[in-house]
Amino acid sequence: MTVDVLSGVVSSARAILASGPICDSCLGSAFGRLGRGWSNEERGRALRTVLGLDGVKGGEGRCWVCHDLFADVGVWAERAREKVGGVEFSTYLFAVKPALRWQEAEAFFTERFGLEHAEPQKHAWNRSVGKAFESLVNRGTVDFNDPDVKFTIDLVDGSISLYIASLFLYGRYQKLVRGIPQTHWPCKRCRGRGCATCGGTGKQYPESVEEIIAGPFVEAARASGAVLHGAGREDIDARMLGTGRPFVLELCEPRTRSIDLDALREAANAAAAGKVTLGRISWSSRGTVARVKETLATKTYRAVVEFADDVSAETLERALRSLVGDIAQRTPRRVAHRRADLVRTRRVHAASGAVCGVREAEIEFRTDGGLYVKELVSGDEGRTEPSLAGRLGMVAQVRELDVLDVASNEFPDCHDDAMDSRSGVS
Ligand SMILES: [Zn+2]
Ligand SMILES: [Zn+2]
C-alpha cells in the first residue's frame with residue numbers, strides 16, 4: 001500500500017466513523033479489496049485502533065449499513081449446520097438474498113465515501129458465514145463453481161435452504177430382454193397418480209432400465225431419485241446388446257457421496273437378473289450429460305424382417321446394397337405425436353443380410369444416429385425414401401430389432417467381461 005493510499009484510507013475511515021454507528025465488518029469491508037490476509041472485521045478493528053477510537057462505534061444503536069447483520073453470522077452458521085446434518089459433503093457454498101434496505105444502504109455508503117476498494121457486502125457476508133460454518137462443522141472447503149452443498153440464506157423471509165448437488169456416473173448398459181422402456185413412463189390413463197389400470201403404481205410399464213440400474217445406487221447414496229440420461233434410446237420392443245448404450249446416471253440429492261461403484265455395479269447386475277447388464281461405471285459430471293445426449297453416434301442394428309412375398313438371396317442383397325447412402329426420412333407416424341414433423345437426411349453406412357426361414361431375413365444395418373430403422377425397412381407409407389419395402393416392391397416389416405453398437409469417439413469404452421459373457425449376440 002502506498003503512502004497516498006494509506007492516508008486516503010485513514011481519512012476515509014475517520015469520515016465513516018463520524019457518520020454514525022458502524023460495525024468493524026462494514027468499516028473493514030470499505031477497504032476490503034486493498035489487502036488480503038485480514039478479515040474485514042480485523043481490518044475494521046485495526047483502523048479504529050489506529051484512529052484512537054477503540055470501542056467507539058461511531059454512535060449509538062445498530063450499524064447503519066448492515067443493521068448488525070455481521071453479528072448474526074454465527075446464528076446462520078448454526079442453522080446451516082442443522083440443515084446439513086447427516087449429509088456427506090466436502091465442499092460448500094453460501095449465497096444470500098439480501099434485503100433491499102441493506103443493498104440501498106451499501107450503495108449509499110460506497111458512493112458517499114467514494115470507496116473504490118470496497119468489497120461487496122454480500123461477498124463479505126457469505127464468506128463470514130462460511131468461515132463460521134467451517135469451524136462449527138470442522139470440515140469443508142468453499143467451492144464457487146461446483147460445491148457439493150449450497151446454502152441460500154434469504155434475509156427477506158428469514159429462511160435457509162439447502163441444495164445438494166447431484167452425483168453423475170457414466171457407464172454403458174445392455175438390455176437383454178424386450179418390453180422394457182429405457183426410462184419410466186407415467187401411466188397413460190392416470191398420468192402417474194395411480195389408478196386401477198396401472199394397479200396404483202402410476203406407471204405404464206412395471207419396470208424400466210432406469211429403475212433397474214439405479215436401484216442399488218440410489219439406496220447407497222441415499223438419493224431422492226435418479227435420472228438416466230441415455231445416448232439415444234432403443235424402442236421398448238428392441239434389445240440393446242453388443243457394446244451397450246452409453247449413459248449418465250444422475251443421482252439426485254445424495255446424502256452419501258462416497259459410494260463403491262464396483263460393488264454397486266455388481267449388486268445392480270445381480271438384481272437385474274439377466275434383464276439388464278451394466279458395464280464398468282465411472283465418475284462423471286453434469287457436463288457429460290449434454291455430450292452423451294446430443295452426440296449422434298453411429299448405430300449398428302440387427303433386424304429380423306418379414307416380407308409379404310418370397311425374396312431370393314440375390315434380390316435381397318441387391319436391395320440392401322442400394323440402400324447404402326442418404327435416406328430422406330420424415331418423422332415416423334408412430335412418434336409424430338411427440339416429435340416435430342420434418343424431413344431429415346440420415347445415412348446408411350452398411351447393410352447386409354441373409355434370407356432365413358420363409359419370407360424372412362436377418363439384416364444388419366449400420367446407420368447415422370437418429371435414423372429410424374423400422375421405417376427404413378417399411379417405408380412408413382412413403383415417408384422414408386428409399387426403403388427396403390420400396391426397393392423390393394412389397395410389404396416388409398421389422399419383427400425383431402436389436403441394437404448392437406452405439407459408437408462415437410465421444411464415448412469412453414466401458415466394455416468389459418460382464419458384458420461379453422451375457423451379450424446375447426449369437
Ligand atoms: Zn455493519
Ligand atoms: Zn394409472
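Helix axes here are lines fitted to C-alpha atoms over the stretch in contact, and the angle between two of them runs from 0 to 180 degrees between N-to-C directions. The model is predicted.

Start with helices α7 and α8. Helix α7 covers residues 209–221 and helix α8 covers residues 261–272. Their axes come within 8 Å and cross at roughly 135°. Angles over 145 degrees would count as roughly antiparallel, so this pair is oblique. The crossing of α7 past α8 is right-handed.

Which residues of α7 and α8 make the contact? From α7 come Ile212, Ile213, Gly215, Pro216, Phe217 and Ala220. From α8 come Leu264, Ala267, Ala268, Ala271 and Ala272. Of these residues, 10 are nonpolar, one is polar and none is charged. In an α-helix, residues three or four places apart point the same way, because each turn takes 3.6 residues.

Strand β1, residues 91–97, runs parallel to β2, and two bridges join them. Tyr92 stands opposite Val142 of β2.

Last comes helix α5, residues 100–112. Its 13 residues reach 18 Å from first C-alpha to last, close to the 18 Å expected. Gly114 follows α5, with a positive phi near 55°.

Terms used:
Residues are numbered from 1 along each chain as its sequence is written. Chains are lettered from A and ligands numbered from 1 in the order in which they are written. This is a predicted model: local features need pLDDT of at least 70, side-chain atom pairs count only at pLDDT 80 or more; totals for chains, interfaces and linings use all residues. Helices (H or I, at least four residues) and strands (E, at least two) are DSSP runs, numbered from the N terminus. The expected span of a helix is 1.5 Å times one less than its number of residues. Two strands pair if DSSP finds at least two bridges between them. Angles under 35 degrees count as roughly parallel, over 145 as roughly antiparallel, 65 to 115 as roughly perpendicular and the rest as oblique. A crossing is left-handed if the near helix is turned anticlockwise from the far one by less than a right angle, and right-handed if clockwise. Two residues are in contact if their C-beta atoms, placed from the backbone, lie within 7 Å. Ala, Val, Leu, Ile, Met, Phe, Trp, Tyr, Cys and Pro count as nonpolar, Asp, Glu, Lys and Arg as charged, and the others, Gly among them, as polar.
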